[in-house]
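Here is a short report for a first look at a protein chain. Take it section by section, with the structure open beside the text.

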Amino acid sequence: MVSVTRPDFDADAYVGQLWTVPLDPGLLPRRITRGFKDSAPSFSPDGLALAFLRATGPSAKPQLFVVEAGGGEPRALTDRLLGVDGFSWSPDSQRIVFSSREPAAGRYGTWENVGHAAEDPRLVTEFQYRLNGVGYTKDKPAQLFVLDVPEFGEEPRVVPRGRAQQDHKPAGDVPLATQLTSAATDHESAAFSADGAFVYYVSAPPGSDESLETGIYRVPSGGGEPLHVEQDGAPRQTVHAVRQSRDGKWLFFVARDVGESGTDFVARNAVLYCMPTGGGEATALTDPEIMDVACPGDRLELRGPAGAVVLNNAQGTVELLELHATGEHALLVHGDQVVTGAAWAGGSMFVSFSGPSTAGDVAILEDGQSRLLTDFSAAFRRQAELTVPKELTFPSADGYPVHGWLFMPAGKGPHPVLLSVHGGPFAQYTVAIHDEAQVYAAAGYAVLMCNPRGSAGYGQDHGRAIKGAMGTLDMQDVLAFLDGALEKFPALDTGRLGMVGGSYGGYLTALTIARDHRFTAAIVERGFLDPVSFEGSADIGWYFGAEYLGRSRSAVAAQSPMEHVDEVRTPALVIHSENDLRCPVEQGQRYFTALKRNGVPTGLLLFPGEDHELSRTGTPHHRRLRFEHILRWWSRYLPTAANPAGTDA
């Protein structure tokens with residue numbers, strides 16, 4: 001069972017349904033639900049029921065639903081005002097634990113006729129109080145709830161109307177849910193213990209406002225007092241996910257060290273740990289120097305009595321690994337693909353992945369090989385001629401190898417070149433389909449993408465090389481990659497160059513065009529542009545700049561694009577979203593104003609209602625308009641036959 005999601009331009013939203021994927025090669029996948037957006041399917045351990053999240057419209061919050069595995073009418077299990085974020089089955093298939101943001105009284109529509117503008121003011125006393133894509137967090141922390149799953153055909157115990165009015169929740173035909181947590185902080189990664197007696201989860205410890213630390217907790221599944229699970233001699237960590245092994249003896253968890261300060265997050269690889277259930281010393285099962293692991297679907301997947309499955313960022317790919325409490329490990333999937341999810345069921349391992357020719361498909365692992373079960377991207381490939389990237393490595397100025405890709409457009413050339421920089425900086429470009437590169441290549445542009453020092457997937461030393469020195473080795477690396485490609489490929493036009501990037505990519509683009517004037521034009525999107533104002537306005541501003549740039553005023557100034565904006569001569573389009581809390585809109589506004597005051601050709605493209613994720617999860621309408629404006633900008637300064645000057649994109 002998989003969730004398949006696509007953009008719908010008529011609804012200006014993402015719609016999706018659940019599909020069943022047969023193992024028989026002669027049968028095709030079949031859609032089995034008809035909701036507006038159905039996602040996160042999960043079979044009960046006994047295989048008799050299927051739970052999933054459903055949003056009934058573009059602005060509706062996702063709620064928890066359940067349906068018989070053999071089909072039938074889905075039944076709503078929740079009616080939470082702010083929706084359900086995630087859930088997990090109990091081992092006996094009788095209960096579900098779920099997380100939901102619980103609004104404070106008087107906020108977010110809990111009081112009739114009291115809208116956002118009429119709510120009481122917020123008194124902020126902590127560093128951490130907002131999150132990009134979520135907004136304020138302290139007045140709607142994510143809490144955990146447990147409910148009994150009704151038998152099909154059985155009338156559920158419903159929420160009494162009096163209670164619904166008292167708690168400012170709509171009454172409805174949904175089961176009663178028991179609230180397990182109540183602290184004014186987020187509670188995440190909830191999963192039942194092997195015997196169903198407890199729920200394990202991740203949360204911030206009391207008094208942790210000045211650090212990024214989170215820890216492992218457990219609470220009785222029937223309700224009770226939460227207990228912190230202690231580790232012997234543990235470093236300060238951010239824990240991302242936790243799960244008890246099926247034999248009940250071990251706790252697996254993924255965590256990143258955050259240094260003695262509690263905020264040194266820079267290029268810290270995530271590690272899979274294992275510790276005895278009763279507490280004690282945790283053992284690292286993956287090497288933090290060379291491996292950076294993550295959970296499939298943000299949730300630890302178990303295999304066997306004492307094993308876990310994780311993803312690993314590896315030089316532009318994402319691998320699938322199986323590790324055991326005993327220290328045994330196996331590489332299940334590797335090569336030119338990006339694994340996005342994995343599930344162990346019926347004695348087989350199933351994976352979802354993307355790659356150079358697919359935006360997302362499903363395979364089964366058999367005898368050490370993967371067999372494709374779906375081809376959801378077939379229609380996409382028929383409609384668009386995909387450009388296959390060339391994998392390249394060029395030496396930087398100090399001889400360091402810089403790894404990346406070239407997307408060469410059709411035709412003999414010479415082609416104008418766009419140097420694209422990813423965000424992060426501790427992130428990576430991968431071999432998966434990248435809509436930016438495909439759109440630009442189809443418009444006649446050669447696109448260069450690389451993973452300079454500071455990126456993820458190449459080890460911690462690679463990632464931490466720019467700590468306190470942003471705009472040095474990383475800039476050197478991307479320019480060396482550009483120079484190497486220009487020298488190697490005569491079809492690239494050395495006199496027509498553009499540079500583009502978002503977030504950290506916007507940062508490096510802005511700093512590069514202040515120091516290197518060979519670029520004909522540039523695009524600076526959702527950039528980290530002024531570390532000084534960023535500190536008080538961004539959701540991560542209180543620690544991000546200090547950890548990456550240092551605290552010395554002169555050092556920060558040396559690494560700040562705003563400090564060097566007067567040196568920019570390159571025409572630059574600035575793109576930002578009005579609801580961006582990661583790189584607040586004032587970053588783009590101030591940078592645009594400085595360019596305009598200095599007489600540099602510029603424009604400020606502002607998207608209402610969008611946040612830092614515009615280019616990835618913004619509305620289909622806005623994402624299409626974004627591409628149209630970008631291509632129009634390039635047509636003005638770098639016209640091609642496919643994107644000529646003076647015409648609409």
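## The whole chain

This is a predicted model. The protein chain has 649 residues. Its secondary structure comes to 12 helices and 38 strands. The C-alpha atoms fill a box of roughly 70 × 60 × 50 Å along the principal axes.

How does the radius of gyration of the chain compare with that of a compact globule? A compact globule with 649 residues would have a value near 26 Å, and the protein chain has 25 Å, so the two agree. Of the residues, 54% count as buried. Contacts with a sequence separation of 6 or more can also be split by range: 55% of them join residues 24 or more positions apart.

## Surface and charge

The protein chain exposes about 28,000 Å². Carbon and sulfur atoms supply 51% of that area.

The chain carries 55 positive and 78 negative charges.

## Aromatic pairs

A pair of aromatic rings is described by two things: the distance of the centres and the angle of the planes. In this model the count comes to 20 aromatic pairs. One of them is formed by Tyr201 and Tyr217. Their ring centres are 5.7 Å apart and their planes stand at 20°; planes under 30 degrees apart count as stacked, so this pair is stacked. Tyr201 sits in strand β15 (residues 198-203), while Tyr217 sits in strand β16 (residues 215-220). The pair therefore ties together parts that are 16 residues apart in sequence. Both Tyr201 and Tyr217 are buried.

Phe253 and Tyr273 make another stacked pair, because their centres are 5.2 Å apart and their planes are at 15°. Phe253 belongs to strand β19 (residues 250-257) and Tyr273 to strand β20 (residues 271-276), so this pair ties together parts 20 residues apart in sequence. Phe253 has 0% relative accessibility and counts as buried. Tyr273, at 10%, counts as buried too. Elsewhere, ring pairs link a cluster of residues. Its members are Phe127, Phe265, Tyr504, Tyr507, Phe528, Phe534, Trp542, Tyr543, Phe544 and Tyr548.

## Cis peptide bonds

Which residues does a cis peptide bond join? Gly413 and Pro414 are joined by one, with omega about 5°. Pro414 lies in the loop between β32 (401-407) and β33 (415-421).

Gly424 and Pro425 are also joined by a cis peptide bond, again with omega about 5°. Pro425 lies in the loop between β33 and α3 (435-442).

## Positive phi angles

Asp12 is not a glycine, yet its phi is positive, about 50°. Look for Asp12 in the loop between β1 (2-8) and β2 (13-20). With a relative accessible area of 28%, Asp12 is partly exposed.

Tyr108 also has a positive phi, near 60°, and is a residue other than glycine. Tyr108 is placed in the loop between β9 (95-101) and β10 (130-131). Its relative accessibility is 24%, and it counts as partly exposed.

Leu323 is part of strand β25 (residues 317-324). Is Leu323 buried or exposed? Its relative accessibility is 4%; buried means under 20%, so Leu323 counts as buried.

Which residues is Leu323 in contact with, leaving aside its neighbours within four places in sequence? They are Leu272, Leu285, Thr286, Ala306, Gly307, Ala308, Val310, Glu328 and His329. Val202 gives a further reference point: Leu323 and Val202 are 121 residues apart in sequence and 21 Å apart in space, C-alpha to C-alpha.

Phe607 is found in strand β38 (residues 602-607). At 4% relative accessibility, this residue counts as buried.

Not counting residues up to four places away in sequence, Phe607 touches Ile575, His576, Ser577, Glu578, Leu614, His622, Leu625 and Arg626. One of these, His622, is 15 residues from Phe607 along the chain. The C-alpha atoms of Phe607 and His622 are separated by 7.4 Å.

Technical notes. Residues numbered from 1 in each chain as written. Predicted model: local features only at pLDDT ≥ 70, side-chain atom pairs only at ≥ 80, totals over all residues. Heavy atoms only, no water. Helix = DSSP H or I, 4+ residues; strand = E, 2+ residues; numbered from the N terminus. Rg over C-alpha atoms; globule rule 2.2 N^0.38 Å. Buried < 20%, exposed > 50% of the residue type's maximum accessible area, 1.4 Å probe, protein only. Contact = heavy atoms within 4.5 Å. Areas by Shrake-Rupley, 256 points an atom, 1.4 Å probe, with all protein chains shown as cover. Lys, Arg positive; Asp, Glu negative; His and termini not counted. Charge placed at Lys NZ, Arg CZ, Asp CG, Glu CD. Phe/Tyr/Trp six-rings, centres within 6.5 Å; stacked < 30°, edge-to-face > 60°.
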